[in-house]
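Q: I'd like to learn how to read a structure like this one. Could we go through it together?

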Amino acid sequence: MSSTPFAREQRRSTRVSLKVTIDVQGVSEPLTCEGETILVNLHGALISTTIALKIGTIVKIQVYLTGKTSQAMVCYVDPEQSLHCGMALKKPQNIWGIPLPPDDWHEEESN
């Protein structure tokens with residue numbers, strides 16, 4: 001494995017640019033909003049929402065295209081665009097509907 005200047009950007013699974021509509025509902029606090037994915041991977045997504053979310057907020061994401069849902073946590077909020085945030089899925093899974101996912105998208109049971 002080679003070392004690169006972007007080593008800190010290395011992800012557990014490949015990011016895919018994807019624009020799909022999602023519904024975001026609060027689990028840890030009352031909130032409901034629509035949003036859209038920007039980038040997705042097996043472990044989460046970068047999304048754009050209609051309301052600002054706070055780091056640490058637990059939400060349920062529903063993808064309209066697939067009907068699939070997952071619990072997730074807000075793990076990043078863009079300091080320059082507060083409506084863009086990073087979400088970490090509770091369990092790695094392809095809720096996004098990527099028909100031919102990258103080779104490193106392995107949905108395994110990890111408890």
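Q: Is cysteine 75 buried, partly exposed or exposed?

A: Before that, a quick note on the model: it is predicted, so to speak of local features we need pLDDT of at least 70, side-chain atom pairs count only at pLDDT 80 or more, and totals for chains, interfaces and linings use all residues. Residues are numbered from 1 along each chain as its sequence is written, and side-chain values use heavy atoms, with hydrogens and water left out. Now the general idea: buried means under 20% relative accessible area, exposed means over 50%, and partly exposed is in between (1.4 Å probe, protein chains only). Cysteine 75 counts as partly exposed because its relative accessibility is 42%.

Q: And cysteine 33, buried or exposed?

A: Cysteine 33 is buried, because its relative accessible area is 5%.

Q: How many disulfides are there in the whole structure?

A: A disulfide is a covalent bond between the sulfur atoms of two cysteines. The cut-off used here is a pair of cysteine sulfur atoms within 2.5 Å. A search of the whole structure turns up zero.

Q: How do β3 and β4 run, and how many bridges join them?

A: Strands are DSSP runs of E, at least two residues, numbered from the N terminus, and two of them pair if DSSP finds at least two bridges between them. β3 and β4 run antiparallel, with six bridges, and a hairpin of two residues links them. Glycine 35 sits opposite threonine 49 in β4. β4 also pairs with β7, antiparallel, over five bridges; there, leucine 46 has glycine 86 in β7 as its bridge partner.

Q: Which residues touch the most other members of the largest nonpolar core?

A: A nonpolar core is a set of buried Ala, Val, Leu, Ile, Met, Phe, Trp, Tyr and Cys residues joined through side-chain atoms within 4.5 Å. This core has 22 residues, and Val24, Ile47, Ile61, Met87 and Trp96 touch the most other members. β2, β3, β4, β5, β6 and β7 each supply at least two of its residues.

Q: What is valine 24 in contact with?

A: Contact means heavy atoms within 4.5 Å. Leaving aside neighbours within four places in sequence, valine 24 has contacts including Leu31, Cys33, Ile47 and Val59.

Terms used
Helices (H or I, at least four residues) and strands (E, at least two) are DSSP runs, numbered from the N terminus.
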